[in-house]
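Please open the structure in your viewer and keep the selection tool at hand.

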Amino acid sequence: MTQPKNSLPDRIISFIKSDQSSQEELEVAFNQLACDIFAYQFAKNQPYRLLAQQQRRTPMTTKHWQDVPRMPIQAFKRMTLSTEDISQAADIFYSSGTTDPVHKSQHYLSRLDVWETAMKQGFKQYVMGKRQKITILSLFPDQVANPHSSLSRYINTAIATFGTPDSQVLFRDGAIAMAALKGALDHARTMNQPVLLIGASFSYVHLLDALATSDQRYPLPEGSIVFDTGGFKGQARTISMTTLYTQLSEFFNVPRAHIINMFGMTEISSQCYDGNLLLDNDEQPFTFDKVVPAWVRIQILDATDLKPVTKGEPGILAYYDLANWDTCLAILTEDLAVETDVGFKLIGRVNGAAARGCSIAVDELMKSQALGERS
């Protein structure tokens, strides 16, 4: 797909890469882009337009990003949400389907450069800090084994952009390649070369299980990072994040401040990271709250009526991602969170009685599509 110079995606890329001179300028630029993206999606994404019309929202009446209609995340499982011809998609991400094997979320990418720019910019800022390169050892399948996984593309891109020549994927034939992993860790220790271990939560659970019968430890060189991309949901066994990170810290002799977690989903193009590595590099007190990048905004909404809550109160996380230019800018997630001075803290998933707001949003969505079919 060919886009004209200074097209909407090119403007988004420029915004992601830019350093705004003031917070006020940043907000003005973000708001303008968000409203332009909404207008574009309103015109070219029919299910989204029908939802907006059901809520009596149009580009003419929507002047602030907080008023952009939010697409319930469940819609990605049942609808084609794209502004472009999906047959020409540069890539398609599918969710794992752990919570609903029949209906998997589908995220169509019209072009990869916007997604890659957001991924690289976030990784550079919140993971790499002052580093230019680091040896990345992945405990998650690569794109060859898992071609439509957003996380697999994420890891391949991280290795290609920020990894040293010793970087490699150590998940092979459906399991962590333990012998190869031990060899890579031994080499890193011999060379006193910091490493970045990256994998989903269940990767680390399986790793610790496999090594539980041995008293051997693998203290990593100073400056090493353990990166947990999340993903306990749907796994056969879970442990608390606190327990997992304590075990990882002890096993690899990595300080807690160098264990980082990411918030990411199939349906979004930009990730949010714990702030500990960012603030640690600046020699400030670190935090494990998620930091929101400049091209993303969040709102925390009351679970019953979807109205914004007071800062510090729990609610449903709404996510506004400029890099989602060709699907839906604004998404109503199923995550509970609390807004903090740094960004937000995840506290769980919406379920049961607390899901009333989500149910209302989905009901609106289904009514809008039904009306669209009859019109």
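Begin by selecting helix 2 and helix 3 (residues 46-54), whose axes come within 6 Å and cross at roughly 105°. That makes helix 2 roughly perpendicular to helix 3. Axes are lines fitted to C-alpha atoms, for helices over the stretch in contact, and angles run from 0 to 180 degrees between N-to-C directions. Angles under 35 degrees count as roughly parallel, over 145 as roughly antiparallel, 65 to 115 as roughly perpendicular and the rest as oblique. Helices (H or I, at least four residues) and strands (E, at least two) are DSSP runs, numbered from the N terminus.

The model is predicted: local features need pLDDT of at least 70, side-chain atom pairs count only at pLDDT 80 or more, and totals for chains, interfaces and linings use all residues. Residues are numbered from 1 along each chain as its sequence is written, and side-chain values use heavy atoms, with hydrogens and water left out.

Next, display the side chains where these two helices touch. Phe38, Gln41, Phe42, Ala43 and Lys44 of helix 2 meet Gln46, Tyr48, Arg49, Ala52 and Gln53 of helix 3, contact meaning heavy atoms within 4.5 Å. This contact comprises 5 nonpolar, 3 polar and 2 charged residues. Ala, Val, Leu, Ile, Met, Phe, Trp, Tyr, Cys and Pro count as nonpolar, Asp, Glu, Lys and Arg as charged, and the others, Gly among them, as polar.

From helix 1, Leu8, Arg11, Ile12 and Phe15 take part in the contact, and their partners in helix 2 include Leu26, Phe30 and Tyr40. By class, the contact of helix 1 with helix 2 has 9 nonpolar, 1 polar and 2 charged residues.

Now select Leu26 again, together with Tyr126, Val292, Pro293 and Ala294. Of the 26 residues that line the second largest pocket, these five lie nearest its centre. Helix 1 (8-17), helix 2 (23-44), helix 5 (112-128) and strand 13 (296-301) each supply at least two lining residues. The lining of this pocket has 12 nonpolar, 8 polar and 6 charged residues.

Finally, which helix packs against helix 8 (residues 201-210)? Select helix 9 (residues 241-252): the two pack at an angle of about 55°, with their axes 11 Å apart. Helix 8 and helix 9 are therefore oblique to each other.

How values were computed: 1 Å grid on protein atoms, 1.4 Å probe; cavity = no way out; pocket = protein on both sides within 12 Å on 5 of 7 lines; lining within 4 Å.
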